[in-house]
Amino acid sequence: MKVFHHWMKLAPWALSASLLVGCHPKRMAPPLEAEAPVALTAAEAEECRFKPPPPYQPTPEQNEKDQIYSLVAYAVVYRNWQEASVGVGVRGYNIGSVLVDPSGRLVCWARNAVGVTGNKTQHGEVRLMTNYLHNTTGGALGGGYTVYTTLEPCAMCSGMMTLMSVKSTVYGQADPDFGKALERLSFNSTAIHGFCSYPRGVTSGEVIHAIAERLDQGYARYMQTHPPVITDFLASPEARQIFADAEQQLLTFKVQFPSNQPVLDSALAFLQGVPREYTETPYTTNCQAP
Ligand SMILES: [Zn+2]
């Protein structure tokens, strides 16, 4: 009777399977009662083919480069500042980005244009990548490209960066709601019965700079008295002042690492060539492969 009771606790498929192979009940061990989820071991979780990208941990010298490129991205936005986030004549949101190629050259720029185009896909990063690719023959951005963008990338832009094999992205403000898309893609959740990391992980991190801190803190305060719409905050007088200060900091930047002086010089020259007015895609001005 005890043996019978033991069998009754087995899953039906286990019973029929063991009968098929002629297994004696007393040799069936342990009982198959695994209704409760069981976490995979670390070894089992490591069976994924694709690993998450390395975390964003710039050296002090690289951090200074990241600051310079990020200040260029803020300045690109500030030079076509929009006083409102939506409405007649509004280009789009005060968000923009610049592209740095594997050799460290600034090779393209773009601003959000969802308003003027009437097309919600026209985020700064989408326009940056598609416009650059229009002017080149490679078809992708493999080999070490970095996207510097003023606001943490959304899922759409993160997906495009992933499929284009972008190496990393550095953003100038965190987005509490639409951010961390790249982290979600690269998160290996097999240990909790989820999924392996998505292929072609993109390293993502916020630039270590006072301007980014001011934007994060400014939006946190803004949300206490306004609906949590980050693009509305980005059309506020406070945001405008922060972006204006970012441009000034770029124009008066003093490098701590002499090796970054050419980076700063080329960044200032690049910014001078970025049109202040809205530019339809495709454009080649300051957006060409070397
Ligand atoms: Zn986006």
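The structure is a predicted model, in which local features need pLDDT of at least 70 and side-chain atom pairs count only at pLDDT 80 or more, while totals for chains, interfaces and linings use all residues. Residues are numbered from 1 along each chain as its sequence is written.

Helices (H or I, at least four residues) and strands (E, at least two) are DSSP runs, numbered from the N terminus. Of the 290 residues, 34% are buried, a term that requires 20 or more other C-beta atoms within 10 Å of the residue's own, with C-beta atoms placed from the backbone.

Next, select helix H6, residues 124–134; 8 of its 11 residues are buried, so the rest of the structure largely encloses this helix. The buried residues of H6 are Gly124, Glu125, Val126, Arg127, Leu128, Met129, Asn131 and Tyr132. To see what covers them, display strands S1 (96–100), S2 (106–111) and S3 (146–149) together with helix H7 (155–163), which are included in that cover.

Now move to H7 and select Cys157, Ser158, Met160 and Met161, its buried residues. Viewed down the axis of H7, they fall within an arc of 160 degrees (taken from the directions from the helix axis to the C-beta atoms), so they line one face of the helix. These buried residues of H7 pack against H6, S3, strand S4 (168–171) and helix H8 (181–186).

Finally, select Ser165, which follows H7 and has a positive phi, near 65 degrees.

Note on methods. Buried ≥ 20, exposed ≤ 12 C-beta atoms within 10 Å, placed from the backbone. Contact = placed C-beta atoms within 7 Å.
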